Every structure is written in C-alpha cells, then in structure tokens.
Amino acid sequence: MVRIRLRRHGTNSRPFYRIVVANQQAARDGAFIELVGTYDPIPNPPLINIDSDKVQKWLKNGAQPSESVAMLLKKQGILK
C-alpha cells in the first residue's frame with residue numbers, strides 16, 4: 001500500500017519533516033516515491049508547504065495519508 005507520510009530530517013532538537021509518498025513497508029527515512037511538501041514545526045506558527053496538485057493526484061490513485069499528514073492536509077484545506 002502507498003502512504004503519504006512524514007520523513008524526518010534535522011538534528012535532535014530541531015526536527016524538520018518532508019512530506020513524501022512512500023511504500024508502507026519502507027523505513028521511515030528510507031526510500032520514497034515522490035516529495036510532495038515540507039513541514040517545519042519549530043516556528044510559531046509552523047511552516048507547512050504542500051503541493052496540492054501532487055497530493056490530489058496521489059489521493060485519487062489510492063494513496064492513504066498517515067494520521068499526522070491527514071491533520072496537515074486538513075489544516076491546508078486539501079483534505080475534508
């Protein structure tokens with residue numbers, strides 16, 4: 001199954017995430033199919049950059065967002 005999920009980058013105390021489309025069985029920071037956005041939780045308010053066209057394409061093709069990505073997509077108005 002293909003999932004839209006977060007891929008962690010950054011140091012121990014300064015996380016930075018990339019929103020990627022990946023096979024569910026791949027490691028969290030392992031191989032991915034496509035990069036569709038970024039999420040930086042440190043600033044106030046957090047910075048969320050998502051390419052809505054790519055996300056919509058993957059959702060139409062059956063990709064399932066993780067719980068955290070679904071929350072981010074709802075905040076951006078992409079997922080209802």
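1. Isoleucine 19, in this predicted model, makes contacts well beyond its own stretch of sequence: with neighbours within four places left aside, isoleucine 19 touches Ile4, Arg5, Leu6, Glu34, Leu35, Val36, Gly37, Thr38, Ile50, Val69 and Leu72. Ile19 also belongs to the largest nonpolar core, which has 16 residues, and it is listed with Ile4, Val36, Ile50 and Val55 as the members that touch the most others in that core. The elements that contribute two or more residues to this core are S1, S2, S3, S4, H1 and H2. As a general background, nonpolar side chains in soluble globular proteins tend to be buried together.

2. The sheet is open and is built from five strands in the order S4-S3-S2-S1-S5, with mixed pairing. Strands S4 and S5 stand at the edges and have a single partner strand each, so one side of each has no neighbour in the sheet. Helix H1 packs on this sheet, where it touches S1, S2, S3, S4 and S5, and its direction makes about 125° with that of S3.

3. Strands S2 and S3 run antiparallel and are joined by five bridges; in one of the pairings between these strands, valine 21 has glutamate 34 of S3 as its bridge partner.

4. The structure holds one aromatic pair. The ring centres of tyrosine 17 and tyrosine 39 are 6.0 Å apart and the ring planes stand at 25°, so the pair counts as stacked, the cut-off for that label being planes under 30 degrees apart. Because tyrosine 17 lies in strand S2 and tyrosine 39 in strand S3, the pair ties together parts that are 22 residues apart in sequence. Both tyrosine 17 and tyrosine 39 are buried.

5. Helix H2, which spans residues 67–76, has Val69, Ala70, Leu72 and Leu73 among its residues, and these four are buried. They lie on the same side of H2, because the arc they cover around the axis is only 160°. The face turned away from this buried side carries Glu67, Lys74 and Lys75, which are exposed.

6. As for what the buried side of H2 meets, its buried residues pack against strands S1 (2–10), S2 (15–23), S3 (34–40), S4 (47–50) and S5 (64–65), and against helix H1 (52–60). Helix H2 lies across S1, S2, S3, S4 and S5, and runs at about 90° to S4. After H2 comes glycine 77, which has a positive phi near 80°.

Notes:
Residues are numbered from 1 along each chain as its sequence is written. This is a predicted model: local features need pLDDT of at least 70, side-chain atom pairs count only at pLDDT 80 or more; totals for chains, interfaces and linings use all residues. Side-chain values use heavy atoms; hydrogens and water are left out. Buried means under 20% relative accessible area, exposed over 50%, partly exposed in between (1.4 Å probe, protein chains only). The arc is that of the directions from the helix axis to the C-beta atoms. Contact means heavy atoms within 4.5 Å. A nonpolar core is a set of buried Ala, Val, Leu, Ile, Met, Phe, Trp, Tyr and Cys residues joined through side-chain atoms within 4.5 Å. Rings of Phe, Tyr and Trp (its six-membered ring) pair if their centres lie within 6.5 Å; planes under 30 degrees apart count as stacked, over 60 as edge-to-face and the rest as tilted. Two strands pair if DSSP finds at least two bridges between them. Axes are lines fitted to C-alpha atoms, for helices over the stretch in contact, and angles run from 0 to 180 degrees between N-to-C directions.
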